[in-house]
Every structure is written in structure tokens, then in C-alpha cells.
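Have the model open while you go through them.

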Amino acid sequence: MRYYPIFVNLENKGCLVIGAGEVGKRKIQSLIDSGAGHVTIIDTREPGPEFDSVTALPNVDFHCREFADTDLDGKFLVIACTSSEEVNWRISNLCRDRGILCNIVDQPEKCSFIVPATVKRGDLTVAISTAGRSPAMAKRIRKELQESFGDEYAHLLTAMGRIRPLMLSLGLTTADNTAVFRSLVNSALLDAMKGHDLDAATEILKESLPDPLHDNIPELLDGLV
């Protein structure tokens, strides 16, 4: 099986998680962190008081009961974390028939999508997939990437996010804007942020940015170096 890599926008989308054990709780939190419009949780057991802060969220509903076919109504994405082969296959087949994205945890043969191992640094997300062949290898690669990508990558992305609208507001050509953006990401700005060298970061921005933006440099670097 070859998978098509994709990042999905869950804004205003209904998501369903069946099973709120330890794995299920991680999946639920990842959906919330990814901005899911609404998350419905179903489990035959109460998740415990430590999960109250999650179930109290306005876009989260918890139901203590068995899964029912109607739970899929209006859902965009479904994740099942149950220990029942029968229930897992039932959910998988129902989702397939309805064209709903479905992930059965640790059982790729029942999935229409798999969740990759990820490394996150602010707005940077690096995803690793072995097409379900070896989750252990994906985790090993994730560990190696975690050591390679530090917080400076998150800081650089934040800076680029601040710079971009200011650059576009100048009305320059696309070629000019592209040249500036490429210059910045290929400069020593990342190293300056990693080394907390404000003077070096300031000088790099002065060299790379058009003159009208030089007065904005302090705010562009605020809290990042």
C-alpha cells in the first residue's frame, strides 16, 4: 500500500473517537490541538477526572456507551481505539461505505489513512511514515529528527510569518519577494536564533530586508532570540 501524504484542515469538521484509553486520549488531544471543529468521544467507561478539562471543552462531547452506527452521521474523520476486532471491522466497513476517513489504531489493513509519527516545532511539522511497515522505525527516525530540529526552527517560522505580510504590503514583484524569502531561510538567521545572538540576527535582517522594513526589525525579532 502506498499512501498519499496530506495535511488535513479540520476546522468546522466533525470528528469521532471510539475508545478513550491512553491511546485514545492522545488521539483526542491531537485532534483538539489541530483545531478540529467538534470531537465526539465514545467509550463504555468514564475516562476519569484527569480528563475533565478535555470533556468540558465546548467543542467536545463524551458519551459513556457502546458505539452505534448513527454515531458516524455527519462525521468527517473517525479514529477507533477499541480492543474488539468485531467493532473495529464494523467501524472500518461503515466508514468505507460512507466515504468517511477512518483510522483503526495499529491496524493499517482497516484504515483509509494512517497517522504518521511527527516532530513539531511551533508551526513546523515533520511527518514520518513507513506505510505501516514498521512503526518502530518511524519512531526511531522521529527521535533522530527531534535531536536535529530545535526550537530555533519554530522561531524562524514565527519571524517569517511576521515578515511575510509586511513584505507583501510593499507591493514588490513576486520575484523580488521570493528572493527576499529565500535569502532569509538560506542565511545564518537560524544559527543566530539558535545561539541567541540578537546583534547577528538584526544585522542579517538589515542585509536581507528592504529599507522600509528596517524600523520593524525589533518587533520582528521580539521574543525569538
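1. In this predicted model, the crossing of α5 over α6 is right-handed. On the α5 side the contact uses Met160, Ile163, Arg164, Met167 and Leu168, and on the α6 side Asn177, Val180, Phe181, Leu184 and Val185. By type, that contact splits into eight nonpolar residues, one polar and one charged.

2. How do the two helices run relative to each other? The axes of α5 and α6 cross at roughly 160 degrees and come within 11 Å. Since angles over 145 degrees count as roughly antiparallel, that makes α5 roughly antiparallel to α6.

3. The largest nonpolar core holds 21 residues, and the ones with the most contacts inside it are Ile163, Met167, Leu184, Leu189, Met193, Leu205 and Leu209. Two or more residues each come from α5 (151-169), α6 (174-185), α7 (189-194), α8 (198-208) and α9 (217-221). Which of these elements gives the most to this core? That would be α5, with five residues.

4. Setting aside neighbours within four places in sequence, Ile163 is in contact with Phe181, Leu184, Leu205, Leu209 and Leu220. Ile163 is also one of the α5 residues in the contact with α6.

Conventions
Residues numbered from 1 in each chain as written. Predicted model: local features only at pLDDT ≥ 70, side-chain atom pairs only at ≥ 80, totals over all residues. Heavy atoms only, no water. Core = buried A, V, L, I, M, F, W, Y, C linked by side-chain atoms within 4.5 Å. Buried < 20%, exposed > 50% of the residue type's maximum accessible area, 1.4 Å probe, protein only. Helix = DSSP H or I, 4+ residues; strand = E, 2+ residues; numbered from the N terminus. Contact = heavy atoms within 4.5 Å. Axes fitted to C-alpha atoms, helices over the stretch in contact; angles between N-to-C directions. Parallel < 35°, antiparallel > 145°, perpendicular 65-115°, else oblique. Left-handed = near helix turned anticlockwise from the far one by under 90°. Nonpolar A, V, L, I, M, F, W, Y, C, P; charged D, E, K, R; others polar.
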